[in-house]
Amino acid sequence: MPKGTFIAKITGSKYLFYLLLAINIGYLFLTRFYPSGDGPVHLYNTNLIKELISGNASIGQFFVLNHFPIPNWTSHFILLVFRTFLPAWLAEKALLIIYITGMAFSFRYLIRQLNPENISLSIFIFPFLHTFLFHSGFYNFSLSFILLFFTIGFYLKHRHHDSPFLYGILFVLLSISYFTNLLIFGFIGLTLGVYILGFRLTNYRKNKKLKTELKTTGKQLSFLFLAALPSLILLSFFFKQAPFLESDQTYPFSLLLKWIDDVRPLIVYNYNGEAELTTHFFHLLLILLVLSFTARNKQNSPGLKVELLAVPLVVTILLYFITPTGAGAGMMSERYCTILYMFALTWIIARTVPHQLNGWIVLIVIGLHFFTLQYKLNESLISLGKNAESVYGVQDYVEENSIVLPVELAGSWVEHHFSNYLGVDKPMVILENYEAHVGWFPVKWNLEELPKVLAGSASSIPGLKWKNNPESKLSKQIDYILLYGNTSTISDSRWEILREVLASDYEQCYQSNDGFAILFKKK
């Protein structure tokens, strides 16, 4: 048996891919709720959608459905489907399984279309399933990469059949991508346009039939435009009404370079600690890239369909360095860095490299992947999951359709919206709902019917903000006040007024065993 054959056979097996997929899915079940920054908000608003559809008047007084066909619907729609027969925590699991499975198979599908010789290297996608933005709860952004990989792969597989079927499917995929994430919708369109131009230009160099190629190019671009037209119309209306951020906040160029070297998309809880592991993924990709340029064997080179991916990659790099991170929907640098790595990963892996090294590369990737997963697990994941359950458990002591004011005393950025776990299975008005505030999501505040909301006699408390309508003739009392996090800090001087309100108008009715959540009820 030639040297390296056994390793190549094992690492190239599809069963190893399936095993890694199963392990990554199993990782989701280490906690009841998979803790993330915006995840509890998505779950809570899905429950609100369910209540609004059923005609719950108490909820409808505070929230309404956003009737404009906005983006960011996909994750809520998937959750809503599963919430018809599953509790919130299992609906979340179902959504995340779709994400993990969809990402793994769509990336493998794309690599198969680009360079089937390197299919074993598709294992490289597994570390990139657990990105910073995924743990931030950017579920629509994360899901959109499934559409990116699959749409490009589908086009490459069927592009020779220039038929209504091809553009009909592209219409469906582009429409779904619009309702998932606008940024990736744009990159899908850009990449498909680049492929059309690149392939037609190559044909012209071969046959020198300028008129024929111009006609074919115009026809294919027109069909692509028509497939995207309904989404583009919605996009134009959305941009006119969406209250996007106008911050010019930027990060230093040196920091953005460091993010690339450290592989910022993979760092979640502890930057310095995790960067010691994640930077090796950058070095490994760099080695693969160098090898692809020095490889002698060009017989199996995938050629133009791989090299054209360098165009959207370069566009992403430019946008990464010139776009203020505070623009648009915010965190643009983090978004572009993630997109940059997804394109770089695809382009580098699909290039021709010495195949005898593939097995060793796969083993290194798997080892690094499990080290980074274990670091995240030990660092924060389990403790955050327990905190999420502590907040969720409070629901048993809250009456349906109550108004709840959360007071965040948490120390971790991941826990900023953990109060929303309280309302994922029971109808209630939680006065902390950033999605309803920004207007980019399916649920928004009902500004026309919103009452004056009081805590005792107070319409505001220093250090706290809640959605209110002081001009309304109708007033509503806050039924419960929830403290969560490091609840001992409620004794700090900045919470003096809150303590007075609690003492005069509320009484403690529940405290979780770990002290993470304390609930006060209106007297």
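**Exercise 1. In which hand, left-handed or right-handed, does H10 pass H16?**

Before starting, note that this is a predicted model, in which local features need pLDDT of at least 70, side-chain atom pairs count only at pLDDT 80 or more, and totals for chains, interfaces and linings use all residues. Residues are numbered from 1 along each chain as its sequence is written, and side-chain values use heavy atoms, with hydrogens and water left out.

Solution. Step one is to locate the helices, which are DSSP runs (H or I, at least four residues) numbered from the N terminus: H10 covers residues 182-207 and H16 covers residues 332-350. Step two is the geometry: their axes, lines fitted to C-alpha atoms over the stretch in contact, with angles from 0 to 180 degrees between N-to-C directions, come within 12 Å and cross at roughly 35°. Step three is the hand: the crossing of H10 with H16 is right-handed, a term used if the near helix is turned clockwise from the far one by less than a right angle.

**Exercise 2. Identify the residues through which H10 and H16 meet.**

Solution. Taking contact as heavy atoms within 4.5 Å, H10 contributes Leu183, Ile184, Phe187 and Thr191, while H16 contributes Met332, Arg335, Tyr336, Ile339 and Phe343. Sorted by class, this contact has 7 nonpolar, 1 polar and 1 charged residues, where Ala, Val, Leu, Ile, Met, Phe, Trp, Tyr, Cys and Pro count as nonpolar, Asp, Glu, Lys and Arg as charged, and the others, Gly among them, as polar.

**Exercise 3. Classify the ring pair of tyrosine 178 and phenylalanine 185.**

Solution. The structure holds 38 aromatic pairs, counted where ring centres of Phe, Tyr or Trp (its six-membered ring) lie within 6.5 Å, with planes under 30 degrees apart called stacked, over 60 edge-to-face and the rest tilted. The centres of tyrosine 178 and phenylalanine 185 are 6.3 Å apart and their planes stand at 85°, so the pair is edge-to-face. Both tyrosine 178 and phenylalanine 185 are buried (under 20% relative accessible area with a 1.4 Å probe, protein chains only; exposed is over 50%, partly exposed in between).

Terms used: Helices (H or I, at least four residues) and strands (E, at least two) are DSSP runs, numbered from the N terminus.
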